[in-house]
Amino acid sequence: MYGAGVAFQPTSSARGSSKEKKRRDEDEEEEEDDNEGKGTDAWERAYADERSWEDLQEDESGLLRPIDTKTLVHAQYRKRLLLRSSTGGSVASRIQKGLIRYLYIVIDLSRAASETDYRPSRMAVVAKQAEAFIREFFDQNPLSHVGLVTMKDGLAHRLTEIGGSPEAQIKALMGKLECCGEASLQNALELVHGYLSQIPSYGHREVLILSSALTTCDPGDAMETVQRCKRAKIRCSVIGLSAEVFICKHLCEETGGTYTVALNESHFKELLLEHAPPPPAIAEYAAANLIKMGFPQRGAEGVVSICSCHKEAKVGGGYTCPRCKVRVCELPTECRTCGLTLVSSPHLARSYHHLFPVAPFDEVSPHGRPGQRLPTTCFGCQQSFVGQGGAQPSLRTSCPKCNQFFCIDCDIYIHESLHNCPGCESQRNSSV
Amino acid sequence: MKLEVEGLTVYFPYESIYPEQVEYMRELKRALDAGGHVLLEMPTGTGKTAALLSLIVSYSIHKNFKFKLLYCTRTVHEMEKTLAELRLLASHLPTPTSLLALGLSSRKNLCVNPHVLSAQSRDSVDAACRRLTASWVRSLAHDNPQVPTCPFFESYDRAASAGPDALLLPPGVYTLGDLRSFGRSKGWCPYFLARQMIRYANVVVYSYQYLLDPKVATIISKEMQKECVVVFDEAHNIDNVCIEALSVSIRKQTLEARLKATDAGRLRAEYNRLVDGLAQRGNLAITDAWLGNPALPDDILKEAVPGNIRRAEHFLSVLRRLVQYLKSRLLTEKVETENPVNFCAAINSQAGIDQKMLKFCYDRLHSLMLTLEITNTDEFMHIQTVCDFATLVSTYARGFSIIIEPYDERMPTIPDPVLQLSCHDASLAIKPVFDRFQSVIITSGTLSPIDLYPRLLNFSPVISRSFTMSLTRDCICPMVLTRGSDQLPVSTKFDMRSDPGVVRNYGRLLLEMVAAVPDGIVCFFVSYSYMDGIVNSWNEMGILQFSHASIENSTFPMVMLQLATKDVMQHKLVFIETQDVVETTLALDNYRKACDCGRGAVFFSVARGKVAEGIDFDRHYGRLVIMFGVPFQYTLSRILLARLQYLRETFQIKEGDFLTFDALRQAAQCVGRVIRSKADYGMMIFADKRYSRHDKRSKLPGWILSHLHDAHLNLSTDMALHIAREFLRRMAQPYDKTGCGSKKTLLSEEDVMKMSEGAMDTY
């Protein structure tokens, strides 16, 4: 169907461009209307908010194509990066971060979670994002542990024990999705408090509450529980789905967590993922601890052994505990027999980057300062900054340490995945 | 910080300042320079008090303390807040300044004598104090040590007579609590100390009554010089305060109680042969000077007491005749309205008391009681009421009317005769204040429409201005809800209010909102009776559904209403304001607790009630306020009708205009309870179709109107819900407090400098 449009293209290009101009004018007018006092009715605005039609854009040939979201994404990414580096303290003064985290995720399955202002329902959205979060969390914090707690019918219920495997957690969560009754913040906190007070002292205790409800129906004084959590050094954070609730704010302020409220699903995801990198350590924890860890060897192919986690014979694969020689399937974990923490060196390495983050790159204007000649290619991928056919040169950034220039894609890759600056690393090599 | 306002150095106690505060100060400065009266409206939460105090105090430093600041507040609580603000300011003043500021309140709030304080009411504390400190009691005690006196007063008196008064209290800012503890530590009576020290104080904070009520004003505020600056804070109801100060109502009990008192008095009068009843005024000790003369014109004060009531027994018989006459008037079966001139004439012909005698009733009683050395004044309340009445009715020919109602309009079966002398003209009580003082500043968060106040109070302000709030974000969200979810209009208009459809729609609105709004919600109803009715019917319908769940399930409205009451309780606890103060205080306490602990709560309250006037529902204590209906006054009330007529005839204010103005200022006052600072946020729902009409809406204060978008003018419940959800999400996002670029809302010292320079450049 759209192929026909291409066939007409050569003849209608002039007309097309004028049409486009007109369209743009109309768009501007429309926007003005929207800005002026929001002259639409509420029901209209529900549709207007999504603005699904704006995702579509015509290209020169009149074909529909999705809007160029790249620049938008880039802008968002830069904002996030700067925010993170500013809240996490300056890069130069390295701050201690809790790398071994014990996190309970409290999921609100009260009546309010069945509301449909998020599609298809708050509960479904929470579950979906929680799943993504758990995966991301273990990816970034391989040494940490997660457990799940649900709130419903005025009670708090532990869904899973605290553990190191994402799959088990997600499976347990998906099996238990139904909501009814009231939420009780106090009960949930008491429960979590009970479990978290048992963990070893080097672990950082955290609670993340995904709250749909606006009220909490408590058996006693929630304020006391907040104080107990504070004393137990449990860092409580809350993500609300609808509005700011005083008690949650109070809880977060007291225990040093963050309180945020989601605007919509994508914002919710963003807020949730902000909890994946480890938070700065609480001052009282700053004393360094030595932790005993085992680095198990991978079992040879074809060796039959009984696995300690599934209690059945398995062929090949798996890891062997260096202390008691028991076979485990996955890392990281705790040895079932001797209780040794078992990790692999990549896990440690992956956690390590949180302590030494790559400094955020400075943005460089495409034309550079007068009298300064800029390299024309990205140091990372060697692609030319100047677009094909003299198009607008794309945004570029430079590392404040080695002053190499990178394109925005490499910038994202360096900060999000690589965690090392290629420029700085190569300099070091050459100097050695 | 320090800033320059048109050449005047202003000391401001905070590090940064809002732009509207600078504006406010500028206007104030101009007004002080011009030496006239001002009317200023600035929204609550923008630091009105701080701006006001720092400008005036700085101004008076500039003028070497040549004038006093008399700051009038409505409640003791506000007095304390103001003094706290003042103390902060005092700590930022340049060091050699000696500022003396103090609060003055009744004996009940200031007394430190445990025996006196054990009395319950304000009047009995006053009486208990007099019993210990009156000059004759003290002279008796001088001869006979058995007679109890107040040790605090005695030592104060010794200190006062020993040295110059001005040295008694070192400069500083004294709240009521400070005065009490100062009094305790020195062993001096704080009340009399404060009374004495207001002469030397630079700032005096006290209640409206001390200036407006002529009985009190003559004693307390007599000595204030003309250069004083008078501030009436939270003055949106000032006309009502003025009217109340001059209105008297007499019930049957009043007259009966009075007779007994007179008898007792007469017995003692005979006992004291010495009584000859001539004017006792003049060299009275400070403790004896109690309520002054309510008559305002000076010529009356200077006139001598007429001869035929100079003798005590004659005066008593006059009083007895007057009471007899009033009693006979109270026996009437129908409502009567009369003007003072006719009333005096009737008294003259039927009881044989001429106007002049009536005029002096108050004075004469006063001197009689002094002569009789009566200290338990609280028992003589009623006789004073009657004398007040007599003096007022004979003094004013215009602006008053006498209304006799044999029963309460709402309960015609119960006879409860009441004779009311109601004042219609607010300007009468405030006129002496305007005349005497150079600058009177009337300010409040809601003074709209601002042009009506000068007419009501009959003065011409040199500046009247309404300021808006500069906000970094739209933190208030007013909405006008005209329809229920079924698109039928909602209103508390008389013909619609009992319609089950309207009741249901209101219930539905509340239900939707409790589910969507966190923490506290405040609902205001137009009257107690309406609140009782609607809450009852919500509840009743819920109960109906509850017990007949299986049978009535099919009827749609029932299901709705069942939701309304049962589900409200599921989301929030419900608290209700009653006419009992203790109960209401308890309810408020629990309401706050429920908001704190996250359970959430709804508070049902009444416009014009105590809660609507004095209690703040800031932050999470009030995220939403719903105003059910337009809070018109009870329009069939005789007093109101008479006042409306008077306003139309005298000031050419139309009845409708005044009623709407009065209703809308109450509504604005109610919804204004939720915003007390800029960091706060809250929604306001005006749930009545009449609010969408221009004549009503335009009378709302500017700071509400500027946030009332056209799209929010004609909402139904579901639309309002959508907006509410969106608003709450938006408000929960972190924001930048100082604002940025041109929309700066928090100015530092340099910013102010720049601003004033910029202003210079443009001129």
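## Confidence in chain A

Keep in mind that this is a predicted model. Chain A has a mean pLDDT of 76, with 71% of its residues at 70 or more. Within chain A, strand E7 (residues 235–240) has the highest confidence, at 93, while helix H1 (residues 3–35) has the lowest, at a mean of 42.

Two stretches deserve a careful eye. Residues 1–38 of chain A have pLDDT below 50, and this stretch makes 17 contacts in the model beyond near neighbours in sequence. Residues 88–93 of chain A are also below 50, with five contacts counted in that way.

## Helix H8 of chain B

Helix H8 of chain B covers residues 151–162. Its 12 residues should span 16 Å at 1.5 Å a residue, and the end C-alpha atoms are 17 Å apart, so the model agrees with that expectation.

If you colour this helix by burial, look for B:Phe152, B:Phe153, B:Glu154, B:Ser155, B:Tyr156, B:Ala159 and B:Ala160, its buried residues. Their cover includes helices H5 (114–117), H6 (122–133), H7 (135–143), H9 (176–186) and H10 (190–197) of chain B.

## A buried phenylalanine in a loop

B:Phe437 sits in the loop that links helix H21 (426–436) to strand E13 (439–444) of chain B. Its relative accessibility is 2%, under the 20% cut-off, so B:Phe437 counts as buried.

Which residues does B:Phe437 touch, leaving aside those up to four places away in sequence? They are B:His37, B:Leu70, B:Leu211, B:Met224, B:Gln225, B:Lys226, B:Cys228 and B:Val230. B:Met224 is 213 residues from B:Phe437 along the chain, yet their C-alpha atoms are separated by 8.6 Å.

Technical notes. Residues are numbered from 1 along each chain as its sequence is written. Chains are lettered from A and ligands numbered from 1 in the order in which they are written. This is a predicted model: local features need pLDDT of at least 70, side-chain atom pairs count only at pLDDT 80 or more; totals for chains, interfaces and linings use all residues. Side-chain values use heavy atoms; hydrogens and water are left out. Helices (H or I, at least four residues) and strands (E, at least two) are DSSP runs, numbered from the N terminus. The expected span of a helix is 1.5 Å times one less than its number of residues. Buried means under 20% relative accessible area, exposed over 50%, partly exposed in between (1.4 Å probe, protein chains only). Contact means heavy atoms within 4.5 Å. pLDDT is the predictor's confidence in each residue, from 0 to 100.
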